[in-house]
Amino acid sequence: MKKIIAVITAVALMLNFNILVSAEEYTIPETNAYVLLEAETGTVLYSNNENERFPISSLAKIMTLLIIAEELETGRVTPSDEIPVSANASGVKGSIIWLMPGEIMPLGELVKAVVISSANDATIALAEYVAGSAEEFTALMNKRASELGMNDTFFADCGGFDENSYSSAFDVSVMTAELFKYDVYGKFFTTRLSAVREGTELEAQLLNTNKLAHWYKGLLGGKAGQSQNAGFCLTNCARRDNMKLIAVVLGAKTEEDRVDLSEYLLDVGFKNFELISPNPDSEKFSPVKVLRGIKRTAQAAPDKSVNFVVLRGEGQNTEYEYTMPESVSAPVEKGQTLGKFSVRLGDNIISETSIIALETVEELTFKKSFEIMVRSFLRL
């Protein structure tokens with residue numbers, strides 16, 4: 001057990017803030033690992049053992065649901081698709097909806113069963129439909145994990161049944177953040193109680209085991225998991241105002257511990273941090289003077305959003321820095337880096353992105369000059 005009087009975050013340490021961001025005493029329960037991540041910027045706000053590998057049980061289904069969300073988003077599958085249930089899917093144990101071999105179930109119903117009650121048989125049926133087999137789907141999961149930079153993750157199956165699967169708290173937060181970029185599951189994640197095959201003899205009740213989903217303000221959803229080796233695990237995504245936070249707890253000793261610590265992490269994050277969207281002066285970017293170009297200037301802008309997380313109230317103390325040359329030589333390619341836009345807080349740069357050209361400007365060669373002269377003459 002670890003008693004803390006304050007949460008001193010990674011951000012605070014990076015910025016050399018000698019402050020306590022939480023004056024409330026809280027006893028951290030014994031766990032394998034935990035992390036609080038700001039989803040948009042990927043900033044770790046608070047963590048312990050976040051990169052160590054541990055079994056994650058059913059949290060593996062976060063990746064399963066991510067792949068299916070991407071399939072739904074592209075239209076390769078739809079909620080109305082009819083999925084035949086294999087003997088392999090119907091034979092799995094654990095949390096199930098009692099699928100029968102040869103039964104036909106709509107994809108949307110199977111998805112609902114996985115999202116709400118972590119149904120293992122529905123998970124396998126979906127995996128077989130999307131990839132041809134559960135093994136091929138598992139390969140897709142590991143490929144997607146690699147693409148997301150989840151270097152401490154391995155999936156041995158599509159649903160977390162095999163204890164050889166492992167991940168880290170940080171990696172789980174990454175795939176959770178990626179999943180909640182999509183809104184294809186509606187309110188399933190926050191549904192407390194539902195059913196599939198409603199009104200029939202085979203009706204199966206679905207109970208959401210993620211207790212935060214029942215009441216936490218701003219919760220978008222998450223996933224609970226537990227096994228003898230993994231302990232009690234939980235990942236959740238919540239949004240308040242413009243900030244989206246991910247709280248992951250791995251290896252808690254009790255269900256109460258995983259819920260309490262998840263709630264605490266989210267509360268601390270929303271109370272003590274804010275996501276800032278800078279409002280730079282566009283006149284500092286463009287137009288940029290182009291030497292020996294067919295145009296005298298080129299329009300420019302930051303390459304991407306440079307939103308950043310700071311301790312609440314510190315956003316007003318940030319300063320912007322624009323590093324731009326007085327001129328550039330042609331040719332200039334669209335997307336070419338022309339300078340740098342930085343956000344500074346005190347002595348520290350907390351966000352930085354390239355300033356790029358928004359258009360191509362060709363070099364003014366003799367041939368190009370002649371072509372321009374001819375076109376001008378023809379317009380007379």
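## Ground rules

A residue counts as buried under 20% relative accessible area, exposed over 50% and partly exposed in between (1.4 Å probe, protein chains only). Keep in mind that this is a predicted model: local features need pLDDT of at least 70, side-chain atom pairs count only at pLDDT 80 or more, and totals for chains, interfaces and linings use all residues. Residues are numbered from 1 along each chain as its sequence is written, and side-chain values use heavy atoms, with hydrogens and water left out.

## Aromatic pairs

Let's start with the rings. The structure holds nine aromatic pairs (Phe, Tyr or six-membered Trp ring centres within 6.5 Å; planes under 30 degrees apart are stacked, over 60 edge-to-face, the rest tilted). One of them joins Phe-180 and Phe-189, whose ring centres are 5.0 Å apart with planes at 50°, so this pair is tilted. Both Phe-180 and Phe-189 are buried.

Tyr-320 and Phe-341 make another pair, with centres 5.5 Å apart and planes at 70°, so their geometry is edge-to-face. This pair links distant parts of the chain, 21 residues apart: Tyr-320 belongs to strand β17 (residues 319-323) and Phe-341 to strand β19 (residues 337-345). (Helices, H or I of at least four residues, and strands, E of at least two, are DSSP runs numbered from the N terminus.) Tyr-320 is partly exposed because its relative accessibility is 29%, whereas Phe-341, at 1%, is buried. Tyr-320 and Phe-341 also belong to one aromatic cluster with Phe-285 and Tyr-322.

## Salt bridges within helices

Now for the charged side chains. There are 16 salt bridges in the structure (Lys or Arg side-chain nitrogen within 4 Å of an Asp or Glu carboxyl oxygen). In helix α6, Glu-147 and Arg-144 are three residues apart, so about one helical turn separates them. Their closest N and O atoms are 3.2 Å apart. Glu-147 is partly exposed at 47% relative accessibility, while Arg-144 is buried at 16%.

Helix α8 (residues 255-272) holds Arg-258 and Glu-255, also three residues apart, about one turn of the helix. These two side chains form a salt bridge at 3.8 Å, N to O. Here Arg-258 is buried at 2% relative accessibility, and Glu-255 is partly exposed at 26%.

Which residue does Glu-359 meet in a salt bridge? The partner is Lys-295, at 2.7 Å, N to O. Glu-359 sits in the loop between β20 (348-357) and α9 (366-379), and Lys-295, 64 residues apart from it, in the loop between β13 (288-291) and β14 (297-298). Lys-295 is partly exposed, at 38% relative accessibility.

Finally, salt bridges with shared partners tie Glu-70, Lys-143, Arg-144, Glu-147, Glu-178 and Lys-181 into one network.
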